[in-house]
Amino acid sequence: MSVLVEQQQPAANPFQAPRTAHNARRRASSIAIVVLSLLATAFAVAVLLYLLLYVLRAGIPYINLDLFTKIPTPNGEPGGGLGPSIQGSLILVGLASLFGIPLGLSTGIFLSEFGRGAIAMGVRFLVDVLAGIPTIIFGLFAWILIVVPQQSFSGLAGGVALGIIMIPIVARTSEEVLRLVPKELREASLALGATESRTILRVVIPAASSGIVTGVVLAMARVAGETAPLLMTAFGNPFFSADITRPIDALPLRIFNFAESPYQAQINQAYAGSLVLIVLILITSFAIRWATGGFKRSVR
Amino acid sequence: MSIQVRNLNVWYGRSQALYDINLSFESLGATAVIGPSGCGKSTFVRCLNRMHEEIEGGRVQGEVVIEGVNIYARSIQPMYVRRRIGMVFQRPNPIPTLSIFDNVALGPRLNGLARGAALKERVERSLREAALWNEVKDRLGEAAAQLSGGQQQRLCIARALAIEPKVVLMDEPASALDPISTFQVEELINQLKSAYPVIVVTHNMQQAGRIADQTAFFLQGKLIEVGETTKFFAHPAQKETEDYITGRFS
């Protein structure tokens, strides 16, 4: 006699993953990708953090009031400060913004709003080339254009060199964000009888303003740290000078000079100067974003 | 106030979008422009305020005569045409960075039509005309993006009215809206048409029946038939029209 044992199979769960080699491989590769991207991110962040912490640790002990107000001491004697460098950097970046932002923004507007056909292609290509040129070439350019005829290094030459470096950065970022402004907004304004220029100034640019500001801040931060083009333009100056027709100091220049100095006091000040440079860039970008309403979500 | 369209031919680059359109609109009342997608109905209304030229490759031949003036005459600048002809688009397009008030004030400000108290008064009147005033009067300073889709569309209608247009053009004004908002916009059109000539593009035939005194049917870039709405739907003269409105269309 046989007993039929009913094999009570549970109903197959359609959501149960099959235990196959193929499926195991899929899961493994999925986990591997996630782990790899996490590791890579951790590495990138670690490098940045290490850099920041190192500058902080080495620089903080030498941050004091004298650093901001005094001029550098001769021959590596202790004391003194980086006052002229900080003042000079602010002047240089201000000058550069004066040249670079209007020119870059106008180029960006041209490329996104009016640029058609071969001319726009050419301009876009040139702007990209400009963005890729080593910055020392711009220093050389300003040297030939301003320093040689003037027979003197000058803050003006430094500002012009940095300004030209800003142009392609501002132009391409503003072109990108202006392009993102929806066609409907332009049509809304044009259909009200607005001219093309008013539409761009009153509707398109405000709609893209936070992106434009990001580009401007990026460009300013970028040139604030430039050293090479200043070597042959602003040159450096151990005394306070706000005269842009004379040589002027800059933080990156001073850091460059002090970092390879044989005197420990100057090396320490180079670290302190690096820290000041980083913090200055941070403060400026926050200030600009705050002033242009970049942090606000709604209007008014 | 009358609009006559004569021998209108329109191109996008090399492809022709409209062929020899002849059509005239009488003073007040609403005209519905219907037809399947791609038949040229949107192109047609965009030609009535020269917005077609804003599309790359857009080209127009023929005449559109508004109050005796051909708006395509060489001496006419498109922005002066658009200043007198309001337009409402398919997707509500308020400027999201501007407040409710500033959106309505945009046209008068861009064209220097009013300022100060006069501007405030004009904005309020436009919002009332667009049946939006009661909903937004306490929040005029808020961003336009905070409004619902239907409110945004009525805001866009108010914005078009704020330039005191001679004609109001609407390009599928309700096709991106929910049924209730659609109803509100239709109500609004029914009110507006006693004050302005309104030309509405729609792909919804019931909507045409509800709002329009006159209906025009476009097919493949040609004007097939135009007539009084009730007659148009009850006794279409053309075979194509009958096929389209009865749904027998391939």
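Start with the crossing of α11(A) and α12(A): it is left-handed. This is a predicted model. To see the pair, select residues 251–259 of chain A for helix α11 and residues 264–291 of chain A for helix α12. They pack at an angle of about 155°, and their axes are 8 Å apart. Angles over 145 degrees count as roughly antiparallel, so α11(A) is roughly antiparallel to α12(A).

Now show the side chains of the contact. On α11(A), pick A:Leu251, A:Pro252, A:Arg254, A:Ile255, A:Phe258 and A:Ala259. On α12(A), pick A:Gln266, A:Ile267, A:Gln269, A:Ala270, A:Gly273, A:Ser274, A:Val276 and A:Leu277. Colour them by class: the contact of α11(A) with α12(A) has 9 nonpolar, 4 polar and 1 charged residues.

Next, select residues 135–150 of chain A, helix α5, together with residues 155–180 of chain A, helix α6. How far apart are the axes of α5 and α6 of chain A? They are 9 Å apart, and the packing angle is about 140°. That angle makes α5(A) oblique to α6(A). Here α5(A) passes α6(A) in a right-handed crossing.

Display the residues that meet. From α5(A), take A:Thr135, A:Phe138, A:Gly139, A:Phe141, A:Ala142, A:Trp143, A:Ile146 and A:Val147. Facing them in α6(A) are A:Leu156, A:Ala157, A:Val160, A:Ala161, A:Ile164 and A:Ile165. The contact of α5(A) with α6(A) divides into 12 nonpolar and 2 polar residues, with no charged ones.

Move to residues 21–59 of chain A. This is helix α1, with 39 residues. How many of the 39 residues of α1(A) are buried? The number is 1, so α1(A) lies largely in the open.

Last stop: where the chains touch. Show chains A and B together. There, 22 residues of chain B are in contact with 19 residues of chain A. Stay on the chain B side. Select α2 (78–84) and α3 (100–110) of chain B, the elements that give two or more residues to the side touching chain A. The largest share of that side, 4 residues, comes from α2(B). Finish by colouring the side of chain B that touches chain A by class: its residues divide into 11 nonpolar, 7 polar and 4 charged.

Note on methods: Residues are numbered from 1 along each chain as its sequence is written. Chains are lettered from A and ligands numbered from 1 in the order in which they are written. This is a predicted model: local features need pLDDT of at least 70, side-chain atom pairs count only at pLDDT 80 or more; totals for chains, interfaces and linings use all residues. The expected span of a helix is 1.5 Å times one less than its number of residues. A residue is buried if 20 or more other C-beta atoms lie within 10 Å of its own, exposed if 12 or fewer, and partly exposed in between; C-beta atoms are placed from the backbone. Axes are lines fitted to C-alpha atoms, for helices over the stretch in contact, and angles run from 0 to 180 degrees between N-to-C directions. Angles under 35 degrees count as roughly parallel, over 145 as roughly antiparallel, 65 to 115 as roughly perpendicular and the rest as oblique. A crossing is left-handed if the near helix is turned anticlockwise from the far one by less than a right angle, and right-handed if clockwise. Two residues are in contact if their C-beta atoms, placed from the backbone, lie within 7 Å. Ala, Val, Leu, Ile, Met, Phe, Trp, Tyr, Cys and Pro count as nonpolar, Asp, Glu, Lys and Arg as charged, and the others, Gly among them, as polar.
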